[in-house]
Amino acid sequence: YAGRDEDPESIAAPSAALIPAARVTSVAASPTEKQNDLPQCPDWPFDAEEAVRRQRSAGAVEQVIELGSGVKLELVRIPAGQFVMGDPAGHRDEQPPTLVRVDKPLWIGRYEITNEQYRLFDPSHDSGLEEGDFLQFSQEERGYSVNGLRQPVVRVSWHEAIQFCEWLSKKTGLSFDLPAEAQWEYACRAGTNTPLSFGRLDDDFSPAANLADASLRAVDLYGWGLPVGAIPPWRPADTRFNDRFRVSAPVGTYRPNAWGLHDMHGNVAEWTRSSAEPYPYADSDGRNDITAAQRRVVRGGSWDDRPDRARSAFRLSYWPYQKVYDVGFRVVCAASEQ
């Protein structure tokens with residue numbers, strides 16, 4: 001009406017004036033150039049063979065804890081070490097990349113905590129269903145269960161995850177906790193500096209991770225005989241690959257990383273102990289204080305995320321009281337140097 005040639009739906013290019021001067025160059029840099037911006041870190045990255053060597057040189061690699069009723073908790077020992085945390089080619093909250101040292105070895109859950117394990121703590125817990133596509137005239141059509149015994153527990157708040165760790169500590173006499181962000185990313189990477197511990201974003205993830213794929217994208221017609229395309233697929237997904245699961249899979253379904261940890265990418269996202277503070281990361285700056293009422297970081301992405309949102313460095317956060325449909329957790333336990 002004002003005679004202006006303007007498209008209200010256009011996406012304007014960012015103005016360099018809005019970007020801090022120190023970051024203008026890095027914004028325009030290619031992923032390869034950005035990798036050159038990483039801080040120097042002696043003896044990192046390293047390959048899978050070296051990861052296994054370091055892990056075995058630190059002492060016993062595996063530990064199994066009986067929780068009762070035939071339920072077990074499997075832990076894997078991660079050696080101490082240092083790495084570069086974050087991603088210069090990632091989002092702003094993953095920058096600047098920071099040299100971080102994990103001073104002590106730790107035990108970490110081989111798998112995400114399952115419904116079966118969690119119900120020893122809270123027998124009434126219900127992980128629920130994920131909705132179907134359109135018709136809901138029967139139990140089947142309501143959606144897809146995430147309540148299987150070996151499926152990872154979800155719809156657990158950060159507060160409840162902390163309470164589970166306290167219960168587990170009392171039950172076992174050991175000191176359990178949620179992993180701090182640095183512990184989580186260090187364990188996830190297992191020596192790698194690639195976006196995913198098994199490679200690049202375009203690699204076939206189906207052997208190693210349960211992510212948003214062809215099985216998530218497909219529309220289930222439940223035998224109603226509707227014509228093809230009557231319900232168009234609407235879920236964002238990478239349909240080049242099929243990991244065979246519409247929602248979460250039983251833990252251990254997919255190939256582990258070099259340190260023997262399953263589902264660090266995908267399946268369900270995982271609470272960490274840390275609050276959503278900006279980088280550079282420091283354990284001593286209060287971000288791992290569990291008494292602070294702050295948003296808490298989740299890591300790893302889920303079956304509902306494409307690979308970019310499941311990268312080793314990718315961060316999301318939720319309020320600690322939120323129970324999220326695709327967020328669970330795994331536990332860590334202190335390990336001595338011996």
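Cys41 is buried, with a relative accessibility of 8%; buried means under 20% relative accessible area, exposed over 50%, and partly exposed in between, using a 1.4 Å probe and protein chains only. Cys165 also counts as buried, at 2% relative accessibility. The model is predicted, so local features need pLDDT of at least 70 and side-chain atom pairs count only at pLDDT 80 or more, while totals for chains, interfaces and linings use all residues. Residues are numbered from 1 along each chain as its sequence is written, and side-chain values use heavy atoms, with hydrogens and water left out.

**Cysteines**

- The structure holds zero disulfides, a disulfide being a pair of cysteine sulfur atoms within 2.5 Å.
- Cys165 is in no disulfide, and the nearest cysteine sulfur, in Cys333, lies 10 Å away.
- For Cys41, the closest cysteine sulfur belongs to Cys188, and a bond is ruled out because the separation is 16 Å.

**Asp87**

- Asp87 sits in the loop between β3 (81–85) and β4 (98–102); strands are DSSP runs of E with at least two residues, helices are runs of H or I with at least four, and both are numbered from the N terminus.
- The relative accessible area of Asp87 is 9%, which makes this residue buried.
- Its side chain makes a polar contact with the side chain of Arg311 at 3.1 Å; a polar contact is a pair of N or O atoms within 3.5 Å, where within protein one must be able to donate a hydrogen and the other to accept it, and residues adjacent in sequence count only if both atoms are side-chain atoms.
- The side chain of Asp87 also reaches the backbone nitrogen of Ala89, at 2.8 Å.

**Arg246**

- Arg246 belongs to the loop between α7 (214–217) and β9 (269–275).
- Arg246 is buried, its relative accessible area being 13%.
- The side chain of Arg246 makes a polar contact with that of Tyr144 at 3.1 Å, and the backbone oxygen of Ala218 is reached at 3.3 Å.
- Beyond its neighbours within four places in sequence, Arg246 is in contact (heavy atoms within 4.5 Å) with residues including Asp133, Asp220, Arg235 and Trp303.

**Trp319**

- Trp319 is placed in the loop between β11 (315–318) and β12 (327–328).
- Trp319 is partly exposed, at 34% relative accessibility.
- Setting aside neighbours within four places in sequence, Trp319 is in contact with Trp271, Ala293, Gln294 and Arg295.
- The C-alpha atoms of Trp319 and Ala60 are 37 Å apart, and the two residues are separated by 259 residues along the chain.
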